[in-house]
Protein chains: 2
Amino acid sequence: MASQYIVEGDNPDLSQERRKATFRVDSLSELLYGVEHLKSRRMIAKLVDTTPELHDTFPTTFMSREEKVENAARKIVALMKYLPSINSFKFEDIFYYQSLVMHVDGHPLSLHGVMFVPLLMQQTDEEQRQKWLPRAIKGEIIGTYAQTELGHGTNVRQLETTATYDADNEQFIVNSPTVTSTKWWPGNLGKVSNYAIVVAQLYVKGNCYGPHQFIVQLRDENTHLPLPGITIGDIGPKFGINTNDNGFLRLNNVRIPRKQMLMRYSKVTQNGQYIRPIHEKLGYGGMVFVRSVMVSQQALFLAIACTVGIRYSCVRRQGEITPGSGEVKVLEYQTQQYRLFPQLARAYACWFAGKRIMTLYAELLDGLNENKTDLLPQLHALSSGLKAVVTHQVALGIEQCRMACGGHGYSNASALPELYGTAVGGCTYEGDNIVLLLQTARFLMKMAKMAIAMNMQSASVTTKYLFRDRPTKSSINQYSALDHSVLIEAFEHIACRLIFTVYNRIENLKKCGRTREEACNECSVDLCKASRAHTRLFIAQTLSNTIAEITDRNVAAVMNDVATLYLAHELVECAAGLLELSDDYFSGQQVAYLRSVVYKAMNTIRPNAVPLVDAFDINDREMNSVLGRRDGNVYENLLQWAQLSPLNKTDVITAYIKHLGPYMKQERSKI
Amino acid sequence: MASQYIVEGDNPDLSQERRKATFRVDSLSELLYGVEHLKSRRMIAKLVDTTPELHDTFPTTFMSREEKVENAARKIVALMKYLPSINSFKFEDIFYYQSLVMHVDGHPLSLHGVMFVPLLMQQTDEEQRQKWLPRAIKGEIIGTYAQTELGHGTNVRQLETTATYDADNEQFIVNSPTVTSTKWWPGNLGKVSNYAIVVAQLYVKGNCYGPHQFIVQLRDENTHLPLPGITIGDIGPKFGINTNDNGFLRLNNVRIPRKQMLMRYSKVTQNGQYIRPIHEKLGYGGMVFVRSVMVSQQALFLAIACTVGIRYSCVRRQGEITPGSGEVKVLEYQTQQYRLFPQLARAYACWFAGKRIMTLYAELLDGLNENKTDLLPQLHALSSGLKAVVTHQVALGIEQCRMACGGHGYSNASALPELYGTAVGGCTYEGDNIVLLLQTARFLMKMAKMAIAMNMQSASVTTKYLFRDRPTKSSINQYSALDHSVLIEAFEHIACRLIFTVYNRIENLKKCGRTREEACNECSVDLCKASRAHTRLFIAQTLSNTIAEITDRNVAAVMNDVATLYLAHELVECAAGLLELSDDYFSGQQVAYLRSVVYKAMNTIRPNAVPLVDAFDINDREMNSVLGRRDGNVYENLLQWAQLSPLNKTDVITAYIKHLGPYMKQERSKI
């Protein structure tokens, strides 16, 4: 089917790929984005394309950090200026607009938008909201969120920063008592923000009430100089996200009004009475949301990498398969397909998982409004697991795509080094992956206990497979059609086995005299495995359900191939662990058959490979990659791109003039 | 045992670790480096420490690329100046000296030392050597090696650059006919080198004789300006190695004298007669050498990452295992040990594999001098496999160590992002890993054929396991002592199974009518697996042999623990594939037992963890990491390091003055 992606002047090798599509690319894009958002995307892309103020003057990868931050500040102001033109308040529209303009390396309002404003909406009482929210939304002030400290990350209860109530002055005294209590890492804290919501241990009348949130002004609104008692700065370059001025902050007994503690739930009265929140765990809702958004964002990162890797693999020719018949597109090699296609399938699977968890989150919110909290524990567990599994798979996947581009993948021209640097940060921020997997496991162990006790009421939408009888032997065989439901059943089997096995190990260790904590630590590697299996089941199930609902027959057909590849490939990977569980669920023949299914699915997908990445609708501007360009005109553009390297400003560089030249001259002049 | 690594003022948490050592750290260092080289290392480290000219004025990670290149040029000139002081011509001494001064990000003489000078030694005839070598060694000229082109990498036979002999003028005309023939990637080509050995298709009297090497002058020796016909420049920033000016080069019919073709083996006479080399494949020797050096270098990279990760994990405290008993060192968590200790074991295993392949290479050279080439094919196969397996494992391992450092691992202060960027390049340069694995597989398929035909004469030192009968069932069991030889036998079994299985698949496909090339492509993913298994067996075997020869009892004991962890962990990973081969070699109980061996070995290693990384003898200067400092004083030094960030030069940055400030002011002034 002819694709709107074919344009005159394109590399014919790419056009040839697009002509092979067996489905309408836009139909698949509509499935991914929804009809309406796809339309807005096209409109927003056009707006950005035709508005030079929103563009980089030259590729940011050639800029120093200072230049990057300055360029991003210029663009974010322009972005705000043209925001009304996109004429939408929808999260996805604004997010797309921002992606097109700011790319993946962070910007001066990253934390303002993601944390400061949402917290002012959610954690303030009415009076506070009235006072602060309009100022923040209009951009009169820029804020961030300062929780992590130099010596304290995941274990929030051990934060050292204190906020001590002084009833006489109706003020809190916020203080960093030690080096390790220095706030460290908060995005945009170093140079850009003039306010922050600071997390500190609340002390009232000598009692500690644990971490609470306080609005602290950091810099003078007119001069932007740090206020007295505030020591603040940038924490230096990082693996990625270098356009963001992640910062440090020390507070030397800084006084703030009582009304700058966020008081929607907990309160401190004027005379120093502490009022506890009604629901202790309502804070989890925000974490579920952020982690859910991360899943979609990470899926997009992998989609970008696949777009670059697959398009370039149809442009690059290297080596002959049949001697004398000419160099082939590298995508013809099975090894190249094996590097790229499972990642493509994962990008789709993670994408749908991200959509699904957002839907579940919306259901959670509806429930919370009616004081129903039953979805909260399982969604907290699921979003933790998803964040951990998806960020790790995406990081590995981006690297596979990058390495599949050979030498050119190593150049920043591919955009993939920077994309990796950004994406892999997701394994660490918003909760270290291992810590999150252990949180998921804690929930799963509770469920395992319930399931063993046959307490059916505890079976929830994401865990009901633990409460059911299942076949002890997979019915997969090469002689009958491969139904996705038998594959899903296998994912369930693996998750169950891992969950119940580690549950029993822990119980046995407790019987041998270990405390619960010691037993869990001794089993923690296996607990992480169990969490991963539970999460992978959710992703697989969601993919399978999504495919089943597609109405466009051609799209359904190609997505069925993608799902088959995904399910078989993941199963072969997971099934490995079964060997060690002395499990007869799979026979060797069945696993070997599944692997042949992987290879066959790669062949089936091959003709649709480029259309399948085109359907992600990733704009050249968003992708920012010379290798992944829509038009496939890679080589001439690589040459042009390289000319811009700052080292090329002069024919002879100062390194030569000052050091190497004199050295060589001196050596030549010696006899 | 008290360690010389304990110094007053150290972080007591690290000193406590060092006091737990059950072995003399220097004895292990001597095993790693040899007694003599360890002495030179200490001497060289002292020289560098006490010579300010060899130091960075501030951390290079804060510099722009131009500043990095200039700083490196200054240092390399100083390095040459003080080279006589180290009073050694040994490769390992000079390499260490260079590592201490130049770190891992490349420098202006990288390619000069690694490629230009060695090629002038090996590929020139006597007259050429006399003329060029002294100039290169003295540093009168700086050269590089230009092979890869914009459109051509691995498949050297398809290079487009031509060198056409003009007998009338006794010259070659070197030319880049197309955009894709532009030389692209050669290190130091862009701005630093004034000469290059260029690879071009040799044309004589209308006949093409394939790729040959030519000395081409690129820049004027006095002005350093590019010569007529030469278009040259830097190719821009990359994932890593940014201090190196990897470059591009176009040659517009550049004329060079006939005597600038490297003529040790092939020759072109004055009147245009082409003389073929005697041994076509002697060139492989050089590749074997470079890949062998890479194995050792990559092992060092992983050793650095382990040093950072393990030391920091004894400084960082987070969370409580037993509630109320205080935050523990994060290394107490099983999950943290599982992230780090298998990497530590791999670093040792790869280290010894690197030493072993260098020994085999020396034997190869001895043989070649007597015209014995029988070691060449197996060493070519082995070095290809090792390069591929080790670079990939090391890259993944560095990332594990980095992520084990949590947020601070993401900061360049950890040195791990830059280390990863450098190390992962090794997966691509000197032969893409997948291409190399397929080369190894080609050799293995030949050996499989011989083994099946019972042609015992073909059995060579690295492949004789293919020619032997082996048990069909592993004798590993939890009731008898775990002997490393039963573990090695299991590696052999896995390699054999994978090799013979894919061999048979290919033969069957050929019987079904596929050409050999088609059949190999259809089986190429499995061929890569077979190569990996063969390589992992070599690494395992080498580790086991090395440990067996240790005479110091305390060192032998701790290294035995490391080897047990390595072998069991690798086997559990490899064994997974057995499930799919319908193999009864391992029972589920045996694999489960092996995993328990892994967990037990981690417990045993725990007290020696810091001494085991101390033994790598990695100097703070070489490591360049705030997190991995010998003294463990991490937090105060992180704080100091961050002050140097260029964004901290002024309290208020230009991004605010020009853009954000005016924007906020304007919003505040609106009603």
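Is A:Asp26 buried or exposed? A:Asp26 is buried, with a relative accessible area of 13%; buried stands for under 20%, exposed for over 50% and partly exposed for in between, using a 1.4 Å probe on protein chains only.

Before going on, a word about the model. It is predicted, so local features need pLDDT of at least 70 and side-chain atom pairs count only at pLDDT 80 or more, while totals for chains, interfaces and linings use all residues. Residues are numbered from 1 along each chain as its sequence is written, chains are lettered from A and ligands numbered from 1 in the order in which they are written, and side-chain values use heavy atoms, with hydrogens and water left out.

**Salt bridges within chain A**

A salt bridge here is a side-chain nitrogen of Lys or Arg within 4 Å of a carboxyl oxygen of Asp or Glu. The whole structure holds 83 of them over all chains. In one, A:Asp26 meets A:Arg42 at 3.1 Å, N to O. A:Arg42 is partly exposed at 33%.

A:Arg41 pairs with A:Asp617 at 2.8 Å, and because A:Asp617 lies in the loop between α19 and α20, the bridge ties together parts that are 576 residues apart in sequence. Both A:Arg41 and A:Asp617 are buried. A:Asp49 of helix α3 and A:Arg621 of helix α20, 572 residues apart, form a salt bridge at 2.9 Å.

**Where the chains meet**

Now to the partner chain. Contact, meaning heavy atoms within 4.5 Å, involves 140 residues of chain A and 140 residues of chain B. Together the chains bury about 11,700 Å², 61% of it on carbon and sulfur atoms; this is the accessible area (1.4 Å probe) that two parts lose on being put together, summed over both. In chain A, A:Phe239, A:Tyr410 and A:Leu579 lose the most area to chain B.

Seven salt bridges cross the interface. B:Glu66 and A:Lys649 form a salt bridge, with their closest N and O atoms 4.0 Å apart.

**Symmetry**

A rotation of 180° with 0.0 Å of shift along its axis superposes chain A on chain B, at an RMSD of 0.1 Å, fitted by least squares on the C-alpha atoms of residues with pLDDT of at least 70 in both. That is the relation of a two-fold axis.

Conventions:
Helices (H or I, at least four residues) and strands (E, at least two) are DSSP runs, numbered from the N terminus.
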